[in-house]
Amino acid sequence: MPGRAPPPPRRALLRGMAAGFLLAVLAVPGLSGAQAALPAGGAASLERSIKAAFLYKFLGYAEFPAAAFADGAAPLVIGVTGADDLAADLARIVAGRVVQGRPVAVRTLREQDAPAGVHLLFVGGDDPVRLRNALRAIGAAPTLVVTESQQGLQQGSVINFRIVEERVRFDVSLEAADRNSVKLSSRLLTVANHVHKGAP
């Protein structure tokens, strides 16, 4: 009998499973349209692109108070710190797009930059000091904070990306969302890996 075929390389497995999950999530009504922006790079590049697509889509399922905007024409601003490559992918995805009647802008932030006027802040990497500093700088401003840290939710982020069975997933803290004056749609919560109603 012929031997069993060797398992596919981990990179190929990650690419296939992550892309499949992204397509499944983006097939949810109202979450379609971002998959065409994904490049055909390696596993790390694909993971970044998936996260960038999610960040863009999160905006459509988050409600910010009117006071978070200077006026009716002010853009929704996504700030990115600690992940310049993701910021570049995200800028390509949002170019020319409108969410909730507002244009979308991407701002790459250095650690010393104040995140003033940012509606969604992505803190890349797993540096607890960077995250603490970012949360301190945000203070009580209405900001949807998204992380990819092992202890992201415990430190105070609203959404934290996780890799679950080779797939990009995300957990949500409703307590942090309330604290940051951001209301999340139930449609977003239905595709979350886990939703924490109290302290994570």
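Modeller: Asp171 and Arg162 form a salt bridge through their side chains, at 3.3 Å from N to O. This is a predicted model. Asp171 has 7% relative accessibility and so counts as buried, the cut-off being under 20%. Arg162, at 39%, counts as partly exposed. Other salt bridges share partners, and these join Glu47, Arg48, Lys51, Asp85 and Glu148 into one network. A search of the whole structure gives seven salt bridges.

Asp85 lies in helix 3 (residues 84-94) and Arg48 in helix 2, so the pair links distant parts of the chain, 37 residues apart. Asp85 is partly exposed, with 46% relative accessibility.

Another bridge brings together the side chains of Lys51 and Glu148, at 2.7 Å from N to O. Here too distant parts of the chain are linked: Lys51 belongs to helix 2, while Glu148 sits in the loop between strand 6 (144-147) and helix 5 (152-155), 97 residues apart. Lys51 is buried at 4% relative accessibility, and Glu148 is also buried, with a relative accessible area of 16%.

Helix 2 itself runs over residues 43-59 and has 17 residues. From its first C-alpha to its last it reaches 25 Å, close to the 24 Å expected at 1.5 Å a residue. Of its 17 residues, 14 are buried, so helix 2 is largely enclosed by the rest of the structure.

Key:
Residues numbered from 1 in each chain as written. Predicted model: local features only at pLDDT ≥ 70, side-chain atom pairs only at ≥ 80, totals over all residues. Heavy atoms only, no water. Helix = DSSP H or I, 4+ residues; strand = E, 2+ residues; numbered from the N terminus. Expected span 1.5 Å × (residues − 1). Buried < 20%, exposed > 50% of the residue type's maximum accessible area, 1.4 Å probe, protein only. Salt bridge = Lys/Arg side-chain N within 4 Å of Asp/Glu carboxyl O.
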